[in-house]
Structures are given as C-alpha cells and as structure tokens.
Amino acid sequence: MIEVNHLTKRYGDVLAVDDLSFGVAPGEILGFLGPNGAGKSTTMRIVAGFVAPTAGTARVCGHDVARAPLAARRALGYLPEGAPSYPEMTPRAFLGFCADVRGLAGDLRRRRLDDTVERLGLGPVLERPIETLSKGFRRRVGLAQAILHDPPVLVLDEPTDGLDPNQKHEVRTLIRGMAAGKTIVISTHILEEVDALCTRAVVIARGRLLADAPPRELEARSRYHGAVTLRLADAGQFERARAALAALPDVADVEVDARESRLTALPRAGRPILPVIGELAAHEGLSLRELHLESGRLDEVFRAITNPGTDGRAHAAAPATASPRVADATVETRS
Amino acid sequence: MTGLGAVYRRELASWLATPLAYVFVVIFLVLSGAFTFWLGGFYERGQADLAPFFNFHPWLYLFLVPAIAMRLWAEERRSGSIELLLTLPVSPGAAVLAKFLAAWTFVACALALTFPVWLTVAYLGDPDHGAIVTGYVGSLLMAGAFLAIGSCLSATTRSQVIAFILTVVVCFLFLLAGFPLVLDLFRGWAPAGLVEAVASLGFLTHFQALSRGVLDLRNVVYFATTIAVWLYATTLVLERGRSE
C-alpha cells in the first residue's frame with residue numbers, strides 16, 4: 001500500500017506538489033490524472049525515492065521512503081517516465097542485472113525472468129541491444145524491470161505512452177491481470193484508460209489534489225451523465241426533433257451535430273430523461289438509427305476540474321456557431 | 001552488498017561493450033611506450049629501472065582518466081537511467097563505489113597490459129623489482145584518485161564534455177599543488193600553514209615517492225583518503241540532486 005501525507009515539493013519558486021495527501025490500498029488501481037506539469041511525475045518520483053520531498057512523507061508498505069529507502073524500494077516496482085534503461089544492453093542482460101540488484105538468485109531468479117519475459121512478450125528481442133528496439137518494446141522492457149521481482153506495489157509513470165492501440169490493450173490487460181492483491185498507481189493522459197483500467201481516479205493540477213473518486217463517480221459529475229443521444233435516420237426530421245426535445249421539461253439543453261444528424265439532450269440534474277424521449281420519438285414518429293444513454297464524459301469532467309475558469313461549458317456555445325452548418329448538412333443529405 | 005556487486009559487474013560489462021574502452025587501452029599503451037622509450041630516454045640512461053616509464057604516468061592520466069571518468073554519472077543523468085539506478089534497492093554510496101571500482105578495475109587492466117616494459121627491463125638488466133611493484137601501486141592509486149575526482153565532477157553535470165574539462169582542470173591543480181604554479185596563488189594572502197597544507201596535497205610529490213620505490217604508508221594513506229573523500233563528495237552531489 002501507499003500512503004502520501006501532506007507531501008510538498010518546491011523547486012526554487014515553483015511549487016510542484018502542494019500539500020498532497022492520498023492513500024492507495026491493495027487491490028486498487030489508482031489512475032493519476034492531471035495536465036502536463038501538474039506534479040504527477042514529481043509525486044511518483046518522491047514515492048519511488050528518486051526525489052526528496054520538501055515537506056511531508058510518503059510510505060510504501062509502511063516504509064518511509066526517506067527513512068527506510070531500501071526497504072521501501074524493495075517493495076516497489078517503478079517505471080520512470082520515458083522508461084529509461086541502459087541502451088547498449090540486451091533485454092536479457094538488463095533484466096538479469098535488475099534481478100541481481102534485487103537479490104533474486106537460483107531457481108527463483110530463473111522463474112521470475114522466464115515469467116516476466118513471457119508476460120511481456122520479450123522473447124523475440126531478448127538478444128538485441130535495447131537501443132535498436134522499437135518504442136513499444138523499450139516500454140515493455142521498462143515494464144518488465146518493474147514487475148520482475150513481483151512487488152506488492154507498482155508505480156508506473158505513463159505505462160502506455162507511445163504504444164500503438166494493440167500494445168496499449170496488451171499492457172492494460174497485463175496490469176489488470178496483476179492487480180489482485182497489489183497496489184498499483186498509473187499516471188496517464190488517456191482518459192479512456194482510466195475508465196478501462198482504474199478502480200479510482202485522482203485528479204491533480206498545479207500540485208493540488210482536485211478530485212479523488214472512482215471513474216464512475218467522476219463521470220456522474222459530467223453534464224453528460226444521464227444524457228440521451230439520438231441519431232436520426234431521416235435528416236428531414238432534424239429540426240422538428242430538436243424543437244420537441246428542447247420543449248421537454250426535464251431537458252436542460254440540446255446539443256446538435258447536424259453532420260451526423262445527432263442530437264444530445266442534457267437532463268436537468270438527476271432527472272431520468274430516457275423514458276420520456278423514447279415516448280417522444282414514438283409519438284412524433286421519428287425514425288431513429290441510434291439511441292443511447294450516456295454515462296458521462298471523463299474528458300469533459302477533467303477539463304472542468306483542472307480548468308475551473310472555463311467550466312467545461314465552453315463548448316456549450318459550439319452548437320450556436322455550428323448552426324449554419326446545420327442547414328448545409330441538411331441540404332446535402334437531401335440532395 | 002548484492003546490489004554493489006551487480007552494479008559493478010554491469011558497469012564493467014558496459015565498458016567492454018563500448019569502443020571507448022579499446023581506444024583507451026590502445027592509446028594508453030602506445031603513449032606510455034612512446035614516452036618511456038623516446039621522451040624518457042629509457043636506453044640512453046643506461047639504468048635498469050622503470051623511472052622513465054612511471055614519470056609520464058601523471059601526465060598520461062591527466063587526459064586519459066578524465067575521459068574514463070566523465071561518463072560515470074553524466075551519461076546516466078543524460079539518458080535518465082540514473083532514475084532507474086537510484087530507485088533500485090542500492091544505496092547511493094554503494095552505487096558510487098561500484099561504478100568507481102568498475103572504472104578503476106578497467107584502468108588497472110590497462111596498466112597491467114604494460115607488463116612487457118617490465119619484462120624488457122628485467123631482460124636487459126637487473127632492476128629493483130620491489131621498486132617497480134611500488135611504482136605500479138603508486139600509479140594505480142594515483143589513477144584511482146583522478147577517477148574519484150572525475151566521478152564527483154561527472155555527477156554535477158549531464159554533459160560529458162563539461163565533466164571532462166572540469167576533471168582535467170581539477171586534476172591538474174591537484175597534480176601540481178606542490179609546485180610554484182599553484183602555490184603562488186596562495187602565497188600572497190594565505191597563512192603559511194595553509195600554503196603548506198596545499199603543498200602537501202600535491203599528487204606528484206606523493207606519486208614520485210612511491211615510484212622511486214619508497215613504500216611509505218603515508219603516501220598510500222594519502223591517496224586512499226583522497227579517493228574516499230571524493231567518492232563521499234560524489235554521494236553528496238547525488239543526494240543534493242535528489243532534494244533540489
């Protein structure tokens with residue numbers, strides 16, 4: 001487990017981490033979110049013992065990273081940002097080195113190395129210098145190093161950065177597969193990843209903790225939580241549908257995407273609007289190609305949390321500016 | 001301790017994987033031979049000893065050892081692998097010592113490859129083998145001191161070039177600390193005690209005593225202390241980088 005208490009890190013005048021506190025329990029996969037420069041990497045470096053905090057403490061499995069650095073590091077698997085390694089070494093030599101430093105020996109060493117190489121699919125590149133490997137393989141070598149000693153705590157700084165969609169999927173599957181009983185923290189920019197992988201999300205910006213909740217709960221803060229999107233089969237019904245939706249008492253706003261003949265009705269807080277919209281469609285004789293209930297949009301919540309000034313409502317203005325195109329699109333589809 | 005051994009072996013293996021190692025060995029052997037036989041007047045002196053050989057070591061080391069030391073930490077900082085190394089369960093002290101020992105082992109191997117010079121002098125005459133042994137010991141210790149200085153300065157920067165230049169300058173000052181060039185910097189203002197202290201720090205004075213066959217414990221202790229102090233300074237530089 002990880003406990004971070006009132007952690008502060010100051011670089012000269014810059015406050016990189018500002019009185020940050022959170023805990024992560026075994027079995028949890030914590031997604032660490034924030035814009036670039038929010039202090040994610042600094043926090044992870046402090047937990048890994050690479051950077052010393054200005055104030056506050058961090059504990060890994062109960063070991064204070066400042067007072068008992070070696071015990072804390074033994075319990076930790078850490079993937080630094082950019083997955084650095086020794087470029088002239090082969091993955092086999094590099095992982096062997098990591099195993100030796102970690103004191104793995106004999107049968108256990110061989111088992112752990114074989115298991116890790118297999119999990120990350122490093123077999124084909126074991127004898128090639130790391131500097132000649134693709135970005136994806138280099139990232140996997142970094143991950144292999146982090147999980148080699150089967151640590152109870154994993155801290156992974158952008159584990160899927162630079163990977164193609166297939167590799168991202170593999171890495172997520174790998175992390176999910178290891179999650180039982182482990183404490184895992186990942187940082188990422190990719191919000192779908194948080195949704196797909198994490199049991200909890202922490203959002204920080206300018207070094208401060210702004211939100212700490214399961215992804216579902218964060219999504220529920222979205223204006224789109226409970227929103228209903230419908231796509232019309234007949235573009236000619238577009239304007240009529242829009243007016244009808246806007247007239248519903250529980251609908252706060254209607255967003256339009258004329259190009260796709262798509263309408264999104266946003267509910268007034270907490271009101272279920274799907275049933276009424278279903279009835280409305282039947283009543284008005286709208287032919288629907290698609291109708292679905294949204295659980296919320298993390299990216300919008302993320303923007304609203306980390307940029308409180310713009311409030312995520314900034315793009316509510318979009319439909320107005322887009323309306324000239326509505327007409328165009330309608331004409332196009334008619335012709 | 002397992003960490004220290006692992007880092008040591010990795011470092012040594014990485015030396016052998018780079019062309020720099022072979023370039024270093026070849027240049028060291030060629031130059032030490034050239035200096036001994038031409039500049040040193042090995043044959044003309046008509047004496048069966050290795051004084052002309054050892055006399056040039058300080059000057060060879062002045063440029064060759066910083067070239068070895070410069071990549072110790074600067075390279076790790078540049079590539080970011082330092083973050084990996086220092087978050088493995090190895091204390092910074094053990095990492096510093098392991099890297100230093102690996103580089104020192106490498107220099108020792110290069111030095112050992114000069115054995116034909118010893119064979120030559122043994123074939124030609126009847127040298128004082130004890131003096132040659134102390135000469136080798138002194139040479140190795142001095143190389144260690146240069147390396148320790150280089151290790152510390154390499155940890156201050158991510159540029160190998162800067163590390164190299166700083167190390168050459170500092171080694172040069174230490175080399176000549178007993179000579180007027182350096183002492184005159186202090187004579188004008190410093191108390192006599194300090195001037196003497198600076199004078200006693202000179203590598204050359206301590207090395208020459210050893211290369212003449214005088215195995216004075218004080219000279220050995222001097223070099224050992226110098227190495228220890230600079231290695232400790234390296235760990236302080238690394239620790240400082242951590243809290244900055």
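**Exercise 1. Find how many residue pairs are in polar contact between chain B and chain A, and describe the side of chain B that takes part.**

Step 1. Between chain B and chain A, seven residue pairs are in polar contact, both residues being at pLDDT 80 or more; a polar contact is a pair of N or O atoms within 3.5 Å, where within protein one must be able to donate a hydrogen and the other to accept it, and residues adjacent in sequence count only if both atoms are side-chain atoms.

Step 2. On the side of chain B that touches chain A, two or more residues each come from helix 1 (2-16), helix 5 (71-79), helix 6 and helix 14 (217-243) of chain B, and helix 1 of chain B gives the most, with seven residues. Helices here are DSSP runs of H or I with at least four residues, and strands are runs of E with at least two, numbered from the N terminus.

Step 3. The structure is a predicted model, in which local features need pLDDT of at least 70 and side-chain atom pairs count only at pLDDT 80 or more, while totals for chains, interfaces and linings use all residues. Residues are numbered from 1 along each chain as its sequence is written, chains are lettered from A and ligands numbered from 1 in the order in which they are written, and side-chain values use heavy atoms, with hydrogens and water left out.

**Exercise 2. State the area buried between chain B and chain A, and name the residues of chain B that supply 30% of what chain B buries.**

Step 1. Buried area is the accessible area (1.4 Å probe) that two parts lose on being put together, summed over both; here it is about 2300 Å², of which carbon and sulfur atoms give 64%.

Step 2. Of the area that chain B buries against chain A, B:Glu83, B:Leu84 and B:Pro89 supply 30%, more than any other three residues.

**Exercise 3. Decide whether A:Glu219 is buried or exposed, and list what surrounds this residue.**

Step 1. A:Glu219 lies in helix 8 (residues 215-220) of chain A, and A:Glu219 counts as buried because its relative accessibility is 3%, where buried means under 20% relative accessible area, exposed over 50%, and partly exposed in between (1.4 Å probe, protein chains only).

Step 2. Apart from neighbours within four places in sequence, A:Glu219 is in contact (heavy atoms within 4.5 Å) with A:Asp195, A:His225, A:Ser295, A:Gly296, A:Arg297, A:Leu298 and A:Val301.

Step 3. Although A:Glu219 and A:Val301 are 82 residues apart in sequence, their C-alpha atoms are 6.8 Å apart in space.
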